[in-house]
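Let's walk through this structure together, one region at a time. Keep the view open beside the text as you read.

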Amino acid sequence: MRVIQHLEGGIIEDIFVTEGSIVRAGDSLIQIALAISQVNHEEQQVSLDGLVLKRARLQAEAEGGAFTPPADEARRRPNVVRVERQTFDARASELASSLTVLRSQILQRELEIKEFEARRRALSTDLELASENFAILAELMAADLTPRVEHLEI
């Protein structure tokens, strides 16, 4: 004995077997009302069309191209196309805005790097001059040409 379940739901129009009946593979067990099946088919087609249109949008986003919805689905679901196009445009605008901000941040960091490099060069030059000055003063002090106090002040 096996339990049989209808996974999609719907209205059973006719039952061809009774409990305990022996059936073979391929025997019809029940008949589901066609109107319900047609509605279910239409719901599935709407869902499938929506997914196909969403995939086309996501592919366009990923590839950086234009959103070109598939013709058949676009003809059947113009409202879904409109929503996907609005989503595509909004996300493209958001991406462009983010890129503008990031480019601005890169430019700012590049300017900061140039500023630090200029300061480093200036400090390096100052250090060289101070070292040279110190060496000259050390020679003068060693030769007793300047007083030690003056050397310490400098």
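**A pocket and its surroundings**

In the second largest pocket, helix α3 supplies the largest share of the lining, five residues. Before going further, please note that this is a predicted model, in which local features need pLDDT of at least 70, side-chain atom pairs count only at pLDDT 80 or more, and totals for chains, interfaces and linings use all residues. Residues are numbered from 1 along each chain as its sequence is written, and side-chain values use heavy atoms, with hydrogens and water left out. Helices (H or I, at least four residues) and strands (E, at least two) are DSSP runs, numbered from the N terminus.

The volume of the second largest pocket is about 170 Å³. On a 1 Å grid over the protein atoms alone, a pocket is an open set of points where a 1.4 Å probe fits, with protein on both sides within 12 Å along at least five of seven lines, and lining residues have an atom within 4 Å of a point. Grid points are joined across faces, edges and corners, and the volume is the space filled by probe spheres set on the points. The lining consists of Ala-60, Glu-61, Gly-64, Gly-65, Phe-88, Arg-91, Ala-92, Glu-94 and Leu-95. Two or more of these residues come from each of α1 (34-63) and α3. Sorted by class, the lining holds four nonpolar, two polar and three charged residues. Here Ala, Val, Leu, Ile, Met, Phe, Trp, Tyr, Cys and Pro count as nonpolar, Asp, Glu, Lys and Arg as charged, and the others, Gly among them, as polar.

Now turn to the charged side chains. How many salt bridges does a search of the whole structure find? There are nine, each defined as a side-chain nitrogen of Lys or Arg within 4 Å of a carboxyl oxygen of Asp or Glu. One of them pairs Arg-77 with Glu-42, with 3.4 Å between the closest N and O atoms. This pair links distant parts of the chain, 35 residues apart: Arg-77 sits in the loop between α2 (71-76) and α3, and Glu-42 in helix α1. Arg-77 is buried because its relative accessible area is 13%, whereas Glu-42, at 37%, is partly exposed. The cut-offs are under 20% relative accessible area for buried, over 50% for exposed and in between for partly exposed (1.4 Å probe, protein chains only).

In α2, Asp-72 and Arg-75 are three residues apart, about one turn of the helix, and their side chains meet in a salt bridge (3.0 Å, N to O). Asp-72 is partly exposed at 41%, while Arg-75 is exposed at 57%. Likewise, Glu-112 bridges to Arg-109, the closest N and O atoms being 3.8 Å apart. These two are three residues apart in helix α3, so about one helical turn separates them.

Glu-84, in helix α3, is buried because its relative accessible area is 10%. Beyond its neighbours within four places in sequence, Glu-84 is in contact (heavy atoms within 4.5 Å) with Leu-53, Lys-54, Arg-57 and Phe-67. Thr-146 lies in the loop between α3 (78-142) and α4 (148-153) and counts as buried at 15% relative accessibility. With neighbours within four places in sequence left aside, Thr-146 is in contact with Leu-137, Leu-140 and Met-141.
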